[in-house]
There are 2 protein chains.
Amino acid sequence: METRRRGRPPQYDRDAALAALTNAFWDQGLAATSLDALAAAAGMNRPSLYAAFGDKQAMYLDVLERFGEQACANVRLAMAAGDTPRTAVTALLRGGVKAYLAGPNGPRGCLAVCTATSEAVMTPAVREALQLVLRDLDAAVAERLAELGSPEPTLQGQLVAAVLHSLAVRARAGAGEAELLAMADAAAAQLA
Amino acid sequence: METRRRGRPPQYDRDAALAALTNAFWDQGLAATSLDALAAAAGMNRPSLYAAFGDKQAMYLDVLERFGEQACANVRLAMAAGDTPRTAVTALLRGGVKAYLAGPNGPRGCLAVCTATSEAVMTPAVREALQLVLRDLDAAVAERLAELGSPEPTLQGQLVAAVLHSLAVRARAGAGEAELLAMADAAAAQLA
DNA sequence: TGATTTCTGTACCGTCTCGCACTAAATTGA
DNA sequence: TCAATTTAGTGCGAGACGGTACAGAAATCA
């Protein structure tokens, strides 16, 4: 098992702290979330936060990258449930709606699309990280569509991901579940 | 002509100042744009900015509302060029790509989708204003599609607007023009 | 010509924010 | 048992930030 290290054992759990940081950034984005808010959310003092996760932007980039990985895993999981392009895309978009409507302070959509985009013009590291997340999401959708025999999975994957982007923005802007599900079903009917 | 008012005449031009505030908010969003940056952009002192436009959030909401109006006018103008749903949607999406790639500090997409979304969870006024902008955009697209004989213009309008949202986010994240135009054309081919 | 009105510009204020210095605490190892 | 190591916690400082008070400037009006 895990070898005990010298020195004072940390009181924080890294995964739990990252989850807490994710939640804080998901609600307010990078600029609007203070270090005090991040520290409070993680249950850590600021010096400990710095030692564990780096500066504020480094924390956000860490959160964004992990979020992208998790989002791709969710895409694969959701689309695995469908055995045709249509059923796979329906499952993906409907699952997206559910996820985007969740949040302790109200529907918060997708952390990447809904918060990283704002920082993208003036913060190259965020722009590049967001670009990677978007491309990985496109690729995950395209890959499953190819498996299911879609004739043009790359462009198709992009269009399906486009609907996900919009569903996320609309949910975060306050659109209702029925409206979002109707849009998801219409998109699946037309795109797959 | 315009009656001269008593007192010291203002040195700023309201429309020019609003345009400057729009540019500043478009690059960085609400939280990341400081008052000093806004004042510098508008060529005004902070007290004058406050007197003319209210507090920072009021400025942003003003900018967002006007942006939404202008965006709807742009949608109508772009779609008027098409005489079928397909040509109208193609013109709209291609025009959107051009607009989203512009910006003095790099591609900045759509001010509403790309910056207001981040603030939407924790700032009800921004969420509601964004919701209105999104709905007006949907309606503008749907209206023209109805004119051109689209069988289901409301849902269709939403899907086309969804592609616009995604194009904006992708442009701001650094996607290239060729890729965005290919996606725009594929979307027009499938949705109209 | 002075009063009144409206705007500009400087200074100021309180709070927030980021980041770090330093001490104390909690562990392992010699 | 004490040194070494690693982490937690408090306090600090400089600057940023949002916003306002107030004096001066520039106009109109009586």
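**Close-up views of a predicted protein–DNA model**

**View 1. The surface around DNA strand C.** In this predicted model, 24 residues surround DNA strand C, and the closest are A:Leu35, A:Arg46, A:Lys56, B:Gly7 and B:Asn45. A residue is near a strand if one of its heavy atoms lies within 4 Å of it. By class, this surface has seven nonpolar, six polar and eleven charged residues. Here Ala, Val, Leu, Ile, Met, Phe, Trp, Tyr, Cys and Pro count as nonpolar, Asp, Glu, Lys and Arg as charged, and the others, Gly among them, as polar. Helix H3 (46-53) of chain A and helix H3 (46-53) of chain B each supply at least two residues of the surface. Helices (H or I, at least four residues) are DSSP runs, numbered from the N terminus.

**View 2. Side chains that reach DNA strand C.** An N or O atom in the side chain of A:Tyr50 is 2.8 Å from a phosphate oxygen of DNA strand C. B:Ser48 places a polar side-chain atom 3.0 Å from a phosphate oxygen, whereas for B:Arg6 the polar side-chain atom lies 3.0 Å from a base oxygen.

**View 3. The interface of chain B and chain A.** The contact (heavy atoms within 4.5 Å) takes 44 residues from chain B and 45 residues from chain A. About 3700 Å² is buried between the two chains, and carbon and sulfur atoms give 59% of that area. Buried area is the accessible area (1.4 Å probe) that two parts lose on being put together, summed over both. Four salt bridges are found across the interface; each is a side-chain nitrogen of Lys or Arg within 4 Å of a carboxyl oxygen of Asp or Glu. One of them joins A:Arg135 to B:Glu179, with the closest N and O atoms 4.0 Å apart. On the side of chain B that touches chain A, helices H1 (14-28), H6 (111-119), H7 (124-147), H8 (153-172) and H9 (177-191) of chain B each supply at least two residues. The largest share, eleven residues, comes from H8(B).

View 4. A:Arg144 is found in helix H7 (residues 124-147) of chain A. Not counting residues up to four places away in sequence, A:Arg144 touches A:Met79, A:Ala80 and A:Gly82. The side chain of A:Arg144 reaches the backbone oxygen of A:Gly82 at 2.8 Å.

**Notes.** Residues are numbered from 1 along each chain as its sequence is written, chains are lettered from A and ligands numbered from 1 in the order in which they are written, and side-chain values use heavy atoms, with hydrogens and water left out. Local features need pLDDT of at least 70, side-chain atom pairs count only at pLDDT 80 or more, and totals for chains, interfaces and linings use all residues.

Notes: Polar contact = N/O pair within 3.5 Å; in protein donor to acceptor, adjacent residues only side chain to side chain.
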